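Please keep the structure in view while working through the numbered points.

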Amino acid sequence: MKTRRLRSEEITRLEQNGCSAVSWTTIHVDPNFVIGDMIRNVEFSGNITLGTFSGSLMSTLSTPERAGLYSCRLHNVSVQNNCRIAYATVANTDIGESTLITHVQALARTGDQPFSNGVFAHVLAEDGARSIPIWRGLSAQKAHLGCYFKQHPVGTVLERMALKEAESTRRERSQIGSGCRIERCGTLDNVWIGDGAVILGAACLSNCTVEGEPVPARIGQGVTARNSIFKSACRVDSGARLDRCFVGQGVVVECNASATDSLFFANCHVGHSEVVSAFLGPYTVSHHRSTLVLACQSSFANFGSGSNSSNHLYKLGPRHGGVLRRGVRCGSDSYLLWPSDIGAFSTVVGHHPEHLDTAMFPFSLILNKNDTSILIPGANLFSIGAFRDALKWRERDLRTGIEEPADLVNCAVLSPYVMEAMERGLALLRRVQSARGDLRHGGAVIPEGRIGAGLTTYRQARRCYIGECILRRLIRESHGQPPTTDDCLRLLENIAEETPRPDGRGWRDWGGMLLSDADATLILDGLAAGDVETAQELRDLLHTAHERYTDREVLWAGQRWIREYREVRRDAILDSVEGWRRSVQFRHERLLKDLNKEFAHEMTIGFGIEEAKLEAFRRVRGEASDHFTVKLVHDQRDRLLAMAERIV
């Protein structure tokens, strides 16, 4: 901005107001600068640039604070118009308009680090074998590629991209945006704080980036953070401690949680817990004491109180990690030994000192009995909890107001990715169903009596999903009108003309985003060949693959249907629709049966202190038939069956 030097009468007035300067000649001010009584007891040193001061600002406690400089020390600082700086020491910092800084022990720039951009976090393996640089443009998908392709050309390209972007953020001074609120803090050293960000009561921020608009981040009481990045719409509060961490959009870290070398992506919520070298994908939750989340990747996961992951094989150092595929729940006091790979939407209960590989058995219950890991395949498939999860995730998105969220999230519970794992499990169960005895697989035991039940559950789920995918597409193409058999014939004939994919892995989960192998290969080949050079080009490719999901999904479902029925015929369609309707009814009955467990007699324990147990329970909980989830389950079944009626 255009500036001038102080006039002699202004210097006199400043001195009368208790101000002093090492040299008044190094202070430059806005041409409209007026001192009045809004600059008092200030020590100036170094190169100072001041804007104008008028009006007032609203503090985080909703109290008006006059603009100006009061009882503070400024060294090599530029201050834009209408700021308030009071009871603070500020050095080597540029401050935007209408920013409030009060009761801050020190706000400074003492190094040349680019505000944690380019800092390497040792993710998934504490020894750094999969470490990646954190930077403002990081997303769950880029982090997945950086970690799992670190030793490939793709990893080299991503690392170079990140470090180039990081270097572009380097500044000589700390940067404070416009409209910020920084109050009652300790030391803020080497910080980049975006427009509108709120830092209230932080103990220490060192070499950190805190993003602002459109939805500013909030850093609260007692927070200590070093070498970390905080994205828009996140909240870190209540004594949380972080070092070398990336905190994504909509993430909450609070209640004395500690984290080191970890990545948190969209809408994670962590409190009380300890997190080390973890890749916490979208909607991962851990807010209980005595919980250790160590060297693992997860998404849509839930860690119960006292759940623990272990990396105790220190023969060559802390080099082991684990994978919790999407939707895994770890029960209270559960224990997993790395390396392990837990199937999607499974529940882990108890102590498991073996290396488990249950990836091909999604929706399973894994429990401990007589020091043996027992696997019950498909036990969670028709759980009312999984039904509720699919609803709540979309409702709990804290990224509202962000036009282009950084993380691409697909909240689907059933998907081609999960179904392909289920198909591998089905194939194994079929091979052993006629054999006697338990099945040992991946460090766990599947009881003989559970093999048949697993087969039935997986078959029903597969039939349900394939039919629903096709029906959803028919409804969309008929603009909500009930589809006919002819509509179904045309759709399947079009799919039959597509080149079928070879057997094998055809879908991937990249940090909560589901994409086909064809799209994944396109992205990976582009990176390896150098065709994708910038972060924006990579984001565009990822976004395109994300938007293609529904088209790829129905293509997958149609090809699976054709593989089963061999050719597209009217009688085959009618037969498959009838089988699908039975599967929908089967799922509906299982969901209601699971829901009714919440209203069983044993659930009345804890009621009846002042009145009869059953009466008290019903007064508080109501009847099972009145619960809103029952209505949703009924509505889903009725809607699907009604839309299929025309085909039959």
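1. Is C469 buried or exposed? The model under review is predicted, and in it C469 has a relative accessibility of 3%. Residues under 20% are classed as buried, so C469 belongs to that class.

2. The cysteines deserve a further remark. A disulfide is a covalent bond between the sulfur atoms of two cysteines. A search of the whole structure finds 0 disulfides. For C469, the nearest cysteine sulfur belongs to C464 and is 11 Å away. C488 is likewise in no disulfide; its nearest cysteine sulfur, that of C469, is 13 Å away. C488 counts as buried, because its relative accessibility is 5%.

3. Side chains of opposite charge can pair when their charged atoms come close. The structure holds 40 salt bridges. One of them joins the side chains of K150 and E159, with an N to O distance of 3.3 Å. K150 is buried, with a relative accessible area of 19%, whereas E159 is partly exposed at 26%.

4. How many residues apart in sequence are the parts tied together by R462 and E564? The side chains of these two residues form a salt bridge of 3.5 Å, N to O. R462 lies in helix α6 and E564 in helix α10 (residues 549–565), so the pair ties together parts that are 102 residues apart in sequence. R462 is buried, with a relative accessible area of 16%, while E564 is partly exposed at 44%.

5. R473 counts as buried at 10% relative accessibility, and D551 counts as partly exposed at 37%. Salt bridges that share partners also join E420, E423, R462, R560 and E564 into one network.

6. The surface carries patches of charge. R430, R459, R463 and R582 gather in a positive patch. Of these residues, R459 is placed in helix α6, which spans residues 448–477; R459 counts as partly exposed, with 34% relative accessibility.

7. Which residues form a negative surface patch? They are D531, E533, E537 and D540. E533 is found in the loop between α8 (517–529) and α9 (535–547). Its relative accessible area is 60%, and E533 is therefore exposed.

Terms used:
Residues are numbered from 1 along each chain as its sequence is written. This is a predicted model: local features need pLDDT of at least 70, side-chain atom pairs count only at pLDDT 80 or more; totals for chains, interfaces and linings use all residues. Side-chain values use heavy atoms; hydrogens and water are left out. Patches are made of residues with over 30% relative accessible area and no salt bridge: like charges are joined within 9 Å, nonpolar side chains (Val, Leu, Ile, Met, Phe, Trp, Tyr) within 5 Å. Accessible areas come from the Shrake-Rupley method with a 1.4 Å probe; for residues, only the protein chains shown count as cover. A salt bridge is a side-chain nitrogen of Lys or Arg within 4 Å of a carboxyl oxygen of Asp or Glu. Lys and Arg count as positive and Asp and Glu as negative; His and the chain ends are not counted. The place of a charge is taken as NZ of Lys, CZ of Arg, CG of Asp or CD of Glu. Helices (H or I, at least four residues) and strands (E, at least two) are DSSP runs, numbered from the N terminus. Buried means under 20% relative accessible area, exposed over 50%, partly exposed in between (1.4 Å probe, protein chains only). A disulfide is a pair of cysteine sulfur atoms within 2.5 Å.
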